[in-house]
Each structure stands twice: as structure tokens, then as C-alpha cells.
Amino acid sequence: VFDAEGKPRRVYGVAMDVTERKQAETALRLSEKLAATGRLAATIAHEINNPLEAVTNLLFLARNSEDAGRETRGYLAQAEAELQRVAAIVRQTLGFYRGTTGPANLDLTAMVRESLGMLERRFAGNGIRLVEAMEGVTVRANEGEVRQVVMNLIANSLDAVERGGTVWVEVKAAQGEARLEVRDDGKGISAGDMERLFEPFFTTKQGVGTGLGLWVSRELARKNGGGIEAASDGEGRGASFVLTLPPG
């Protein structure tokens, strides 16, 4: 507002807090990015699945051929076993994207042992020691989703540990809930990274990793009535992740 001489006398204005709008826009962009990532993973898994079936059939025929020697059959059997592992990963990826059946009573201890078996070669190949302490524990949850979480937590510890390190895996029932703890003596987590650890697309693995593993794992744990907590004494001092689920 100006006076008769054209000099400014006062200003009228409106201040608006747009924090919520900006947060909503960020969340929308993030959800679109996550959806695109899921569609891409499902598409890749579907495309891989077709040639996998053909190669599996060819290996079966070669292994049962009369012309194949004993040593050759052994190699073909190993190749077929490795291919089955790849096929299992593809099926898991497709099942995760499409959604799975409802909750059921599951043997959490057996599921953890199966996951450790699938990662056995990584433990041995990297010279990493595994220490187990597992009770018989059942949970009420979605099988495919819990397998996803268990595998991710163990694989993350393997990634964090250097050759000669140790990973501890404990399964027990405590305070009315099932509890899986995966602990390692690896590189640890800084205080700054700890604050952002469960943010989507945030990763401490330079050059590898999508930053979705822990975020997805915690969301799946919450969906099944549980949660995931992380702890670390700092960089170079290892880390611990605890998955809790309702008992079966």
C-alpha cells in the first residue's frame, strides 16, 4: 500500500505452511518409484523363468544320456542343482510381487535353517564363522514374506563381515513373541546412517544394493504384526538386527 506520494506505507500478505503438501508430493514420487521397481523386478523374473525351464530340461536330458560319463554326470548334477536355486529365487521374486497367501502357523526355526543352508557356500567361501543358538519356535505369519525378511537379514550380515568374521543367529521365544536376532562383528553402522537405515533407497553398500532390502523387510514385519530393530556401537563394531513376530 502506497501513500499519495507513491511511498510504500504497509504490506499485506499471507503465509502458508506447505510442509504437508511437500511431504505428500515426496511420498507420491517415492511410491511411484517403488512401484516401478517392483514391476521391473517382476518383468525380469518372468523373462528369466522361460529360458530357465528350457535349460533345466536340457540338463536333465544330458545327465541321463548314455553317452555321458560318470564325471560328466556329476558336473551336470551340480549345474542342475545350481539352476534350481536360481529358479527358486525367480519364483520368490514373482511371488513377492504378485502377493502371497494369508498368514499360517510356521516353523520359524526350520525356515531360518533353510535360509542358512542356501547361504552355506557364501559362509564357507568367505571364511565366515556361523554361530547358531536356536530353539523350536513357531510364528503366525505369511510364509513367503517371512522368508524374504529372514534371508535379507542374514545376507546383510554376510555383506557386512570381512573374511574371518563371525555371524551369530539366534531364534527364541521371549516376552510373548518370537524373536530372531542376526548379529555380526562387521563394519558396523554410524550414528548418522542409523537414523536413515530404514529409509527406502538409502544404502551403505557403495556400488551395490538398492537400498530397498531393510525398508521392505521392516514393512513386511509390520504387516505380519511384528517389527525389526537395529543396533550398533558404531563403525567397525558390528551390528545387530532383531526380527519379532507374533507366536504361532
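**Helices, sheet and charges**

Modeller: Happy to! Helix H7 (residues 213-223) lies across S6 and S7, and runs at about 135 degrees to S6. Helices (H or I, at least four residues) and strands (E, at least two) are DSSP runs, numbered from the N terminus. Axes are lines fitted to C-alpha atoms, for helices over the stretch in contact, and angles run from 0 to 180 degrees between N-to-C directions. Contact means heavy atoms within 4.5 Å.

Colleague: Thanks. What am I looking at, and how are the residues numbered?

Modeller: This is a predicted model, where local features need pLDDT of at least 70 and side-chain atom pairs count only at pLDDT 80 or more, while totals for chains, interfaces and linings use all residues. Residues are numbered from 1 along each chain as its sequence is written, and side-chain values use heavy atoms, with hydrogens and water left out.

Colleague: Good. What order do the strands of the open sheet have?

Modeller: The order is S2-S4-S5-S7-S6, 5 strands with mixed pairing. Two strands pair if DSSP finds at least two bridges between them. At the edges are strand S2 (129-134) and strand S6 (227-231), each pairing on one side only. On average, neighbouring strands of this sheet are turned by 15 degrees against each other, direction ignored.

Colleague: And S5 with S7: parallel or antiparallel?

Modeller: Antiparallel, over 7 bridges between strand S5 (residues 177-184) and strand S7 (residues 239-245).

Colleague: Which strands does H3 touch?

Modeller: H3 packs on the sheet and touches S2, strand S4 (166-174) and S5. The direction of H3 makes about 170 degrees with that of S2.

Colleague: Switching to charges: how many salt bridges does the structure hold?

Modeller: There are 10. A salt bridge here is a side-chain nitrogen of Lys or Arg within 4 Å of a carboxyl oxygen of Asp or Glu. One of them joins Arg-147 and Glu-114, whose closest N and O atoms are 2.7 Å apart. Arg-147 lies in helix H5 (residues 143-160) and Glu-114 in helix H3 (residues 108-118), so this pair ties together parts that are 33 residues apart in sequence.

Colleague: Where do Glu-25 and Arg-21 lie?

Modeller: Both are in helix H1 (residues 19-63), 4 residues apart, about one turn of the helix. Glu-25 and Arg-21 form a salt bridge with the closest N and O atoms 3.8 Å apart.

Colleague: Last topic: what lies over the face of Trp-168?

Modeller: That is Arg-183, at 4.4 Å from the ring centre. A charge sits over a ring if NZ of Lys or CZ of Arg is within 6 Å of the ring centre and within 35 degrees of the ring normal.

Colleague: How far apart in space are Leu-61 and Arg-179?

Modeller: They are 45 Å apart, C-alpha to C-alpha, and 118 residues apart in sequence. Leu-61 is found in helix H1 and counts as exposed, at 57% relative accessibility.

Technical notes. Buried < 20%, exposed > 50% of the residue type's maximum accessible area, 1.4 Å probe, protein only.
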